[in-house]
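Please look through the structure shown here together with its sequence. The report that follows describes how the chains are built and how their parts touch.

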Amino acid sequence: MQKAIEHIMHALFLICACVSILAVVLICVYLFATGVPAMSEIGFTDFLFGQKWKPSSGYYGIFPMIIGSILVTGIAVLIGVPIGILCAVFMSHYCPAGLYRFVKPAVNLLAGIPSIVYGFFGLMVIVPIMKSIFGGSGKSLLTAGILLGIMILPTVIKTTEASLNAVPKSYYEGALALGATHERSVFFASLPAAKSGILAAIILGVGRAIGETMAVILVAGNQTILPENITSGVRTMTSNIVIEMGYATGLHRDALIATAVVLFVFILIINLCFSVLKRRKD
Amino acid sequence: MKITRTLSLGTAALLAIAALAGCSNDNGSSGSSSPSSSSSSDSSTPAANNSSAADSSSSADENSSTPATKLDTEITVVSREDESGTRGAFVELMGIEQKNEAGEKEDMTRGDAEIINSTNGVMMSVAGNVDAIGYISLGSLNDTVKAVDVNGVEVSVDNIKSGEYMVARPFMICYQQAKLDANAAATDFVKYIESVEGQAIISDNGYIAIDTTDNYTASGVSGAISLNGSTSVGPVMEKLAEAYKALNPDVSIDVQQTGSGAGITAATEGTCDIGMSSRELKQEEIDAGLTPLKIADDGIAVIVNLENPIEDISSDEIMKIYTGEINNWSELA
Amino acid sequence: MTDAAEKNTMSGNTTVPENYINRVTIGARLRQYARSPLSLLLMILVMLAAIFAVGMLVFIIIYILVNGVPHLSAEQFSWKYTTENVSMLPAIINTLLMTAMTLILAVPIGIFAAVYLVEYAKRGNKLVKVIRVTTETLSGIPSIVFGLFGFLMFNISLKWQFSILAGVITLAMMILPLIIRTTEEALLAVPDSYREGSFGLGAGKMRTVFRVILPTAVPGIMSGVILSIGRIVGESAALIFTSGSGHNLPGALIGSGSSAATLTVHMYILSNEGLHTDQAFASAVVLLALTFIINLISDLIERHISKKKG
């Protein structure tokens, strides 16, 4: 009797563990079953490398969106990662315990603010500033990148801080004892030792930035053309889905799901990089 | 220890934050109606929260010494997304939909137009950008933006009814006749929308009612109705549903605002009783088994920033702006 | 905390006055910076970054409060939503409802999965590798992709219409990896001596898991649950296409009238048509307050754990 229950529970645990496999399989099946036929109907190269997106006239090229997503994410990482790392350094090596009690919850709160609120904030505060600096409409690749850079800050800060704290104190103390200043000890002894954690932070940040939707819609301009420079408007893959899903029918809807498939593949690639990194660390 | 140093730095940081916060306070209160460059000028007045039209225009006058009658800046074109009901009606009426080389009708809206997927987004973008032009549903128009006259005709319910203001489109509902007949509550609700009482709600909310003489009397039906579709029709449909529920308390009505296309699809696939659309149904959609029914007309207001001196614009100019032939406000007549 | 403790032990061992080693006067520090401009630059950069991050948060919070607080009114907390009162109370209840249902669905599965991975699976098991890879994949998928999937599977294939259950299952899939990961960490932190002790007293594996290991890991699991709640409350993209925009309480789990908008979705919809922008900001204030409370609880739990450890 006891043994039977043990076996049943073992099986139950196993089944629960397999739920995440089931979830990924389901998501793949549903997305690919709709997306891939749509892609082949449009033509894989026309879909992936077509530069014209005009569903009402039968053009389904998401190349500008792919480039848009990559560029926006790139700018977000360029802005968010250095600031995030510096913040993490502040929190682990500069911040007095009294201040830390406020800074830590502040970072957590920054992570908890819904993206729509970030979007409003970007539209009403960052966009006018960008307009007064660069002219044009103020909605651009750069604006979206800056907003996303702010949005990935908490992710980068938390991951980097955790890995900095995991670096043995002796690294820092050793450098200090050799006569290095506090800054040099932190940046040239502790920080390099936390390299893998920082890489993880970057990858997580990239994942967050590329998947962000609601905030980007409001500040990116959403033009379906290849951006000419940093102040041109762009549309990312995620905003393309949200913007048009409500109205889309037929092949148009399937093309949007195919966009999600491309996004999914991007995420898979990012995850792959992540696990490769991890394995190297181990 | 380093505590004294860090503490002093910490206080400095806090001071800086406080200063920043002070700025943000001003920005936040006036940012929604004026660009930030002008917000510093009225930072001393603790201005009431947004939509203070007079406030922002006065600060603009301070900035620009000459009271120009025309802006001399590049136009920022703001548009709704492809296949939005509002955009579909707008491009058709304005002649932006033109024949391409192949002879097929194509939406020629310039590729670098800003695309925003909500009425509010268009309004916020135009309200925050002096150079912007956009278009929204008349029912959503408020005083954060300025509606310009088209061909010398002011956008108003009367002018749309008389046909003088040309930028208008229908609000439609659609359903599978058999599915509707099977649902007594839904049939009754459609009857209500088409009645004098229902149409009164439509005109109360700034939309244009259709002519009808049928009176509605509550029939005491019960049941559930699900509606799905256009975000433009949705708000007035919620009003209709509330008024109807007041008359027929046993009926529950579920209004989903997803978009015209999604509503029509849902009605075709039978996942809702009634679909809502802010554009005419296409022939292929009617062929798929849907019965369309017009419930109201809605004007499309062409909007610009409050600080833009322009009052009147011709439909030809709108077409040229949206197709990219005109790039600067000074090129307008 | 650990920093100070470490220093104490160090000074204790070497009879040097406390903190003597690290004591640097301001003058000495300035001289150091004069000798090494790079250090000065780095210090300034660090400070600027910290000010930027915290300043941004303060900026955003004040921005929300200024725009939202003046529009908070009693009628927004009526029991029933109408287009007149634009009440957010049903949306708040929907949020609680959806959070509770999602947790009921995802937490047991997540915990059991973690138990399997930590307690039962053998090292180098192929299946475990697959589970880990899929869990990681799942945690990386953007919420809009979850939303599209939920829409395709529940709303279209299963014809559930916009329903609370569709939203709940989609969310459950979304938070599952988070719960698995935090529970796993909590379980790994349970000392092996507990297991050995329990086995030694003759308890079976299942008994050990439920009576000894899980209770010890509760605070860690709780922190994962709180993180998940935060994610559910803030989610919008995954819910718009699954549980829809029903402003009132759902009447059923699936089918007609079962749509339920959480506070975030409610805010998104209000802000869309431009008719109720002020009320949208008012809901943002409530949302912010909710997020703050959730963070507070999570902090308390975290402190509780570290106190236990320390």
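Two residues are taken to be in contact if their C-beta atoms, placed from the backbone, lie within 7 Å. By that rule, 65 residues of chain A are in contact with 66 residues of chain C. Helices (H or I, at least four residues) and strands (E, at least two) are DSSP runs, numbered from the N terminus, and helix H1 (residues 2–42) of chain A supplies the largest share of the side of chain A that touches chain C, namely 20 residues. Sorted by class, that side of chain A has 48 nonpolar, 13 polar and four charged residues, where Ala, Val, Leu, Ile, Met, Phe, Trp, Tyr, Cys and Pro count as nonpolar, Asp, Glu, Lys and Arg as charged, and the others, Gly among them, as polar.

The model is a predicted one, in which local features need pLDDT of at least 70 and side-chain atom pairs count only at pLDDT 80 or more, while totals for chains, interfaces and linings use all residues. Residues are numbered from 1 along each chain as its sequence is written, and chains are lettered from A and ligands numbered from 1 in the order in which they are written.

A residue is called buried if 20 or more other C-beta atoms lie within 10 Å of its own, exposed if 12 or fewer, and partly exposed in between, with C-beta atoms placed from the backbone. In chain A, nine of the nine residues of helix H11 (residues 237–245) are buried, so this helix is largely enclosed by the rest of the structure; among them are Met237(A), Asn240(A), Glu244(A) and Met245(A).

Chain B contains 13 helices and 14 strands, and of its 333 residues 49% are buried. Among the contacts in chain B with a separation of 6 or more, 71% are between residues 24 or more positions apart.

| Chain | Domain 1 | Domain 2 | Distance between C-alpha centres |
|---|---|---|---|
| Chain B | 76–168 + 301–328 | 170–299 | 27 Å |
| Chain C | 21–69 | 76–309 | 36 Å |

In chain C, the contact takes six residues from domain 1 and five residues from domain 2, and the side of domain 1 of chain C that touches domain 2 of chain C has four nonpolar, two polar and no charged residues. In chain B, the contact takes 16 residues from domain 1 and 16 residues from domain 2. Helix H4 (85–94) and helix H6 (157–161) of chain B are the elements that give two or more residues to the side of domain 1 of chain B that touches domain 2 of chain B, and H4(B) gives the most, with four residues.

Within chain C, helix H4 (residues 89–120) and helix H9 (residues 205–234) pack at an angle of about 135°, with their axes 10 Å apart; axes are lines fitted to C-alpha atoms, for helices over the stretch in contact, and angles run from 0 to 180 degrees between N-to-C directions. H4(C) and H9(C) are therefore oblique to each other, given that angles under 35 degrees count as roughly parallel, over 145 as roughly antiparallel, 65 to 115 as roughly perpendicular and the rest as oblique. The contact of H4(C) with H9(C) has twelve nonpolar, four polar and one charged residues. The axes of H4(C) and helix H7 (residues 164–188) of chain C come within 6 Å and cross at roughly 40°, and their contact has 22 nonpolar, four polar and one charged residues.

Technical notes: Domains from an automatic or database assignment.
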